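Grab your viewer and work through these exercises with me. Try each task before you read its solution.

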Amino acid sequence: MAIELIAIDMDGTLLNPQHQITPAVKQAITEARRKGVHVVLATGRPYVGVQDYLRQLDIQGSGDFCITYNGALVLQAADGACILQETLDFEDYVYVERLAREFGVHYHAFDFDTLYTPNKDIGKYTIHEAHMTGIPLKYRSVEEMDRQMRFPKVMMIDEPELLDRAIARLPAEAWERYTILKSAPYFLEILHKRVDKGTGVKMLAEHLGIAQENVMALGDQANDTAMIEYAGVGVAMGNAIPELKAVAQFVTTTNTEDGVAHAIEKFVLNV
């Protein structure tokens, strides 16, 4: 089995706690690409939050891609042009906003290039998201939003204990309508029912003509589960949640110990 496509989560996986790509990880990715392997960043972030890391890794060619918003968008890495998408509509935006208000947690939503919140008391985790990704943040009341907008994802965000209580109150209808997953203790992501990272990686692999068994995926959180399960080689980070380690075929070292590099060396570079 030869790995032809590597899908790598960013926060907690590719990046160390300082949001940096270590030299060892960069070197392993560079060596894999020299062997002709496609390396794809698969993240919950928007494209603007990925661009700098694509530049650092020199993943900017005409045949390079990235997966954003947890699989909602598959984009050309060089310019962010969308080749595949599954998005939510305004009705979805209003439905989840009402639930968030009812549960007493903060709420925000992404379109393709902006983060919107209807909360006048903008939550600290909304500010954290905007700062971390570099996406512009705008306050807009529900009434001020354009009803023609499409949303790759919407989110409930708050202190972990508040968010967990909200999750426990989600109606069965919400679980039936959407893909719902946690990407951090304070982030709950709501996406189109057909969207998850596994679907995004699968669509891209098929677009590139790469068989499932020749795909490797690496991650650390619940939102990485689908792509870990899809990949021929699913790798959990040493710092991953226990539930992800349980479904992975291999557990590498942590993101402070060059875990991505160790996995690439083992399964791609045969070091």
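**Exercise 1. The largest pocket**

How much space lies in the largest pocket, which residues are closest to its centre, and which kinds of residue make up its lining?

*Solution.* 
Step 1: the volume. The largest pocket holds about 390 Å³ of space. A pocket here is an open set of points on a 1 Å grid over the protein atoms alone, where a 1.4 Å probe fits, with protein on both sides within 12 Å along at least five of seven lines. Grid points are joined across faces, edges and corners, and the volume is the space filled by probe spheres set on them.

Before going on, the ground rules: this is a predicted model, in which local features need pLDDT of at least 70 and side-chain atom pairs count only at pLDDT 80 or more, while totals for chains, interfaces and linings use all residues. Residues are numbered from 1 along each chain as its sequence is written, and side-chain values use heavy atoms, with hydrogens and water left out.

Step 2: the lining. A residue lines the pocket if it has an atom within 4 Å of a point. There are 25 such residues, and the closest to the centre are Asp 11, Met 132, Ser 183, Ala 184 and Phe 187.

Step 3: The lining splits into six nonpolar, 11 polar and eight charged residues.

Step 4: the elements. Helix H4 (124–133), strand S10 (178–184) and strand S11 (187–192) each supply at least two lining residues. H4 gives the most, with four. Helices (H or I, at least four residues) and strands (E, at least two) are DSSP runs, numbered from the N terminus.

**Exercise 2. The two sides of H4**

Which residues of H4 are buried, and which are exposed?

*Solution.* 
Step 1: set the cut-offs. Buried means under 20% relative accessible area, exposed over 50%, and partly exposed in between (1.4 Å probe, protein chains only).

Step 2: sort the residues. Tyr 125, Thr 126, Glu 129, Ala 130 and Thr 133 of H4 are buried. These residues cover an arc of only 145 degrees around the axis, which puts them on the same side of H4. The arc is taken from the directions from the helix axis to the C-beta atoms.

Step 3: recall the geometry. An α-helix has 3.6 residues a turn, so residues three or four places apart point the same way.

**Exercise 3. Aromatic pairs**

How many aromatic pairs does a search of the whole structure find? What is the geometry of the Tyr 95 and Tyr 178 pair?

*Solution.* 
Step 1: count. The search finds eight aromatic pairs. Rings of Phe, Tyr and Trp (its six-membered ring) pair if their centres lie within 6.5 Å; planes under 30 degrees apart are stacked, over 60 edge-to-face, and the rest tilted.

Step 2: classify. Tyr 95 and Tyr 178 make a tilted pair, at 6.1 Å centre to centre with 35 degrees between the planes. This pair links distant parts of the chain, 83 residues apart: Tyr 95 is in helix H3 (residues 90–103) and Tyr 178 in S10. Tyr 95 is buried at 9% relative accessible area, and Tyr 178 is buried at 3%.

Step 3: take another pair. Phe 250 and Phe 267 have ring centres 5.2 Å apart and planes at 80 degrees, so they are edge-to-face. Phe 250 lies in strand S14 (residues 250–251) and Phe 267 in helix H10 (residues 259–269), so this pair ties together parts 17 residues apart in sequence.

Step 4: look for charges over the rings. A charge sits over a ring if NZ of Lys or CZ of Arg is within 6 Å of the ring centre and within 35 degrees of the ring normal. Arg 177 does this over Tyr 95, 4.2 Å from the ring centre, and Lys 266 over Phe 267, at 5.5 Å.

**Exercise 4. Backbone angles**

What is the phi of His 19, and where is His 19 found?

*Solution.* 
Step 1: the expectation. Most residues other than glycine have a negative phi.

Step 2: the value. His 19 has a positive phi of about 60 degrees, although it is not a glycine.

Step 3: the place. His 19 is found in the loop between strand S1 (5–8) and helix H1 (23–34), and it is partly exposed at 34% relative accessibility.

How values were computed. Nonpolar A, V, L, I, M, F, W, Y, C, P; charged D, E, K, R; others polar.
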